[in-house]
Structure formats: C-alpha cells, structure tokens
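Q: I have not looked at this one before. Can you walk me through it, a piece at a time?

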Amino acid sequence: MTNATIMILPGDGVGPEVTAQALNVLRAVEERFGRTFTIRSRLVGLDAIEAEGTAISDDTFEECAQSDAILFGAVGSLPAGERRSGGPRPEQALFRLRKEFGFFANLRPIRPSESMYGASSLKPEHLKGTDMVFVRELSAGLYYGHMESIPGKPSEIRHTGRDTEAVDTLLYTEAEIERVVRAAFEIAAGRRGKVTSVDKANVLSSSVLWRRVVDRVAREHPAVAYEHMLVDTCAMRLVRTPADFDVVVTENLFGDILTDEASMLTGSIGMLPSASLGVRRTQGGMFGLYEPVHGSAPDIAGRNEANPIGAILSAALLLRHSLGLGKEAGAVEEAVEEVVRAGYRTVDVHESGATVVGTQEMGRRVVDALLQRDGVR
Ligand code: NAD
Ligand code: IPM
Ligand code: MN
C-alpha cells in the first residue's frame, strides 16, 4: 500500500512509552524499505477525558475512520473501586472503537521464542512447539449487555429494574458467532489446520448455540480439524499441553481471561500483540486496530521499565494485515527475535545471564537490528 495513514492513540500509563518505541520501529521500516507513512496522533483515555470531556472525542474518532489502521497503546488507570461514579471512563474509548468500527475478531498470537523459554513460568519441556493464535470475539457478549438505568443510581451498574440488583447479559446472535468462527477456520486453514472452540456449553445457553454454529461452519472446512473444549478445561490445558493448540476461538470474556493466562507462556503480558479486525477493507488488507494485550500498568508507568515488544509486534501485525506489507512485518518480527536471542530483556522477562534494558533501549535495539546496524547483534 502506498501513502498509508496510521493513527496512533498512545493513551495512559505505559501506553505512550511503548507506542513511542513502536513508532520508532515504523520509522525504521520506512527507512529500510523506502516506504512513507503518514502518522497522526490523538488523545484517548484519561487525558482525553480531562481535555475533551470524553474518553475519545468525535473528532478523534472521525480521524481514525479516515486512517488505514490504528495503533493503540493502553487506557485506564484508576482501580475500579476508585473511579468516579457515573463519569466517563478511559476504557470507553476502546469499547467505542471496537463496537463502531465492527472489530469483531481479536487476534492474539502466542508463540514463545525458544531463546526465552527460561523467562516463562512453565518448564521449557512444556513449551516446546507452542505456537497458537487466539481469535477472541470482540464486539458482543457480556461486554455489551443491555443497560437499564435507574434515575439517581450509578449509571455504570446495569440494573434489572430493581436498584438492589445488577445484571450482565451474555447475548450472542448466530450471525455474531458465525463471522468470528468463520475467521478462525480460515486462519487455521493457513496454519496447522486445527480449531479449538472454547465455551461453557454445560451451563450457558449462548454456548449451546455457539457449538451448533461451530459444527455448521466446520462442515465448510473439511480439511480443518476441530474440537469443542470447555473453558475451565482450556484454562488447565493451556498450561499443561500448550503445544496442542493451533487456533482457539472463543467469546469475548473467555478470550480476555484466557489470553492473559496464556501470556505467561511467553514470560510476560508485555510480550503479546493483538490485531482487531472487522469488515472494512483497505488498499492493503483490512482496516484494523492494533494494540498490545496489556493495560496501562500504573504500577510501572513513567519508569522506562515497560516491555515494548507487545506494542512493536502489534505494529508488525498492522503492517501485515492492514497495509499488506508482509515482508516488512516479518522483518520486524525477526528483529525482535534477534534482540531477545542476543540476551537483551526488559525486567519483566529477565532471566539469569540476560542483560536488563529499559523500554527505550529495547526499542532502540530492535530498530538497530532492523536497520542491520553493526554492533547490535
Ligand atoms: P495491566 O495489564 O495494566 O498490568 C498487569 C500487570 O502486568 C502489572 O503488574 C503490570 O506492571 C504488568 N505489565 C503490564 N504491561 C506490561 C509491560 N508492557 N511490561 C511489563 N510489565 C507489564 O493490567 P491492570 O493493572 O489490571 O490494569 C490497569 C489498567 O489498564 C486498568 O484500568 C485496566 O482497565 C486497563 N487495561 C487496559 C487495556 C487496554 O487498553 N487494552 C488492557 C488491559 C487493562
Ligand atoms: C483487553 C482489556 C480490556 C478488555 C479492558 C481494558 C476493558 O482487558 O483489551 O484485553 O477487557 O477487553
Ligand atoms: Mn484483557
């Protein structure tokens, strides 16, 4: 794609620290491959609430719509109990982007680097061959339950109509299940050809429907093997036999929780990238939102400690899926691999014998590896 426009939304906490490194890497891609990206940046999250009264303004949203892809850092910081009742919340920026742009498929690849097995909380022999991608449904389910507000009561609580009760509804239509399941089968067809569909069909009626749709979509893909797995079993198997998974597809909240768990296969949630895709096409692929899986990490913000690899690998996914720049994406992924193989680590994935570096130095080393500068490797 020529003349791509990328919107960067750094957000809160460590968000600006890690997206700054991802931007440096995109600049290095321009230099090495002779590309030109138009980069824009706008406020989201707490700063946007302060400056514009809302977690993402209409103007910012419109500018996102005019872009080819969005690179997002993280939003949020106040623990749930401390937030102001009823006021705007930073996370609303994410919900608006996901919902209004129709990003229903959230891809979260998890492939621990062999050179980093020692950083994982699992023994190396359990990690061998682990290479999976989660396809998390992102636009429905419990996150978008029906709201009935009661005058004078906090609006962030969904009431049943009685102010002594709160309710969350887990609603899925067949169409919402079908499109994300179909995406999972298509991805599996281009990988090892196996889908694990995760649900709680022994309890939830939305899961019974989910299974029925999976069985139907599976018939369109006879070359792809598939299985159903209960979510509790999946949580256990992820840390027992992670290499057995190829593509995992599941509903919104299950996917949120299981991927935080699975992040520890790589050693840190700071390592994981994600791509949120929908239906709109760009010149090079799909319009999408790319963000590390982690949050604003208020406990380490401002200390140059955050691992920028999740954000940098998210930029690689952006190049591949929205801009159609697969070679460039692969080069970024190789540069990251080269730096960690050389033993450079942020503190979250430190292991004995490695050299601890800060956020900025890690970013700089990836840039140097990408530009094949001497003395980096
Ligand atoms: P978090 O992901 O921010 O942090 C969890 C733990 O992981 C912390 O100990 C943190 O230090 C560590 N961590 C996170 N990112 C790291 C990185 N890049 N390098 C090294 N360590 C890292 O989750 P939380 O503390 O539960 O949530 C904080 C805020 O972030 C909340 O407001 C939450 O809503 C928000 N959040 C936002 C997103 C997002 O913007 N997509 C995702 C998750 C959480
Ligand atoms: C994520 C985050 C968000 C989610 C929060 C911040 C609302 O945890 O992107 O994984 O639950 O989707
Ligand atoms: Mn999450």
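Q: Which residues are closest to ligand 1?
A: The closest are Gly76, Gly270, His294, Gly295 and Asn307, out of 23 residues that surround ligand 1. A residue counts as near a molecule if its C-beta atom, placed from the backbone, lies within 6 Å of it.

Q: Where do these numbers come from?
A: This is a predicted model, in which local features need pLDDT of at least 70 and side-chain atom pairs count only at pLDDT 80 or more, while totals for chains, interfaces and linings use all residues. Residues are numbered from 1 along each chain as its sequence is written, and chains are lettered from A and ligands numbered from 1 in the order in which they are written.

Q: How does the shell around ligand 1 divide by class?
A: Into ten nonpolar, nine polar and four charged residues. Ala, Val, Leu, Ile, Met, Phe, Trp, Tyr, Cys and Pro count as nonpolar, Asp, Glu, Lys and Arg as charged, and the others, Gly among them, as polar.

Q: And what surrounds ligand 2?
A: Gly76, Glu91, Leu94, Asp256, Val293 and Gly295. That shell has two nonpolar, two polar and two charged residues.

Q: Which residues does UniProt mark as "binding site"?
A: The annotation, from an unreviewed entry, covers Arg98, Arg108, Arg136 and Asp232. These four are spread over 135 residues of sequence and also in space, with up to 26.5 Å between C-alpha atoms. UniProt positions are given in the numbering used here, feature names are shortened, and annotations may be inferred rather than shown by experiment.

Q: Take arginine 108. Is it buried or exposed?
A: Arginine 108 is buried, because 24 other C-beta atoms lie within 10 Å. The cut-offs are 20 or more other C-beta atoms within 10 Å for buried, 12 or fewer for exposed, and partly exposed in between, with C-beta atoms placed from the backbone. Arginine 108 lies in strand S4, residues 105-110. Strands (E, at least two residues) and helices (H or I, at least four) are DSSP runs, numbered from the N terminus.

Q: What is arginine 108 in contact with?
A: Leaving aside neighbours within four places in sequence, the contacts of arginine 108 are Val133, Phe134, Arg136, Thr259, Leu272, Ser274 and Val293. Contact means that the C-beta atoms of two residues, placed from the backbone, lie within 7 Å.

Q: Switching to strands. Why is S6 called largely enclosed?
A: Because five of the six residues of S6 (residues 194-199) are buried.

Q: Which strands does S6 pair with?
A: S6 runs parallel to S7 (residues 225-230), joined by six bridges, and parallel to S8 (residues 247-250) over four bridges. Strands pair if DSSP finds at least two bridges between them. Valine 195 has tyrosine 226 in S7 as its bridge partner, and serine 197 has valine 249 in S8.

Q: What does S6 make with helix H7 and S7?
A: A right-handed β-α-β unit, with H7 covering residues 205-219. Right-handed means that, with the strands pointing away from the viewer, the path from the first strand over the helix to the second runs clockwise.

Q: How many residues of S3 are buried?
A: Six of the six residues of S3 (residues 69-74), so that strand is largely enclosed by the rest of the structure. S3 is parallel to S1 (residues 4-11), with five bridges, and parallel to S10, with three. Alanine 69 of S3 is the bridge partner of isoleucine 6, and alanine 69 also has glycine 288 in S10 as a partner.

Q: Now backbone angles. What is phi of alanine 297?
A: Near 40°, a positive value in a residue other than glycine. Alanine 297 is in the loop between strand S10 (286-290) and helix H10 (309-321). Alanine 297 is buried, as 24 other C-beta atoms lie within 10 Å.

Q: And glutamine 372, buried or exposed?
A: Glutamine 372 counts as exposed, because it has 12 C-beta neighbours inside 10 Å. Glutamine 372 is in the segment after H12, and has a positive phi of about 55° although it is not a glycine.
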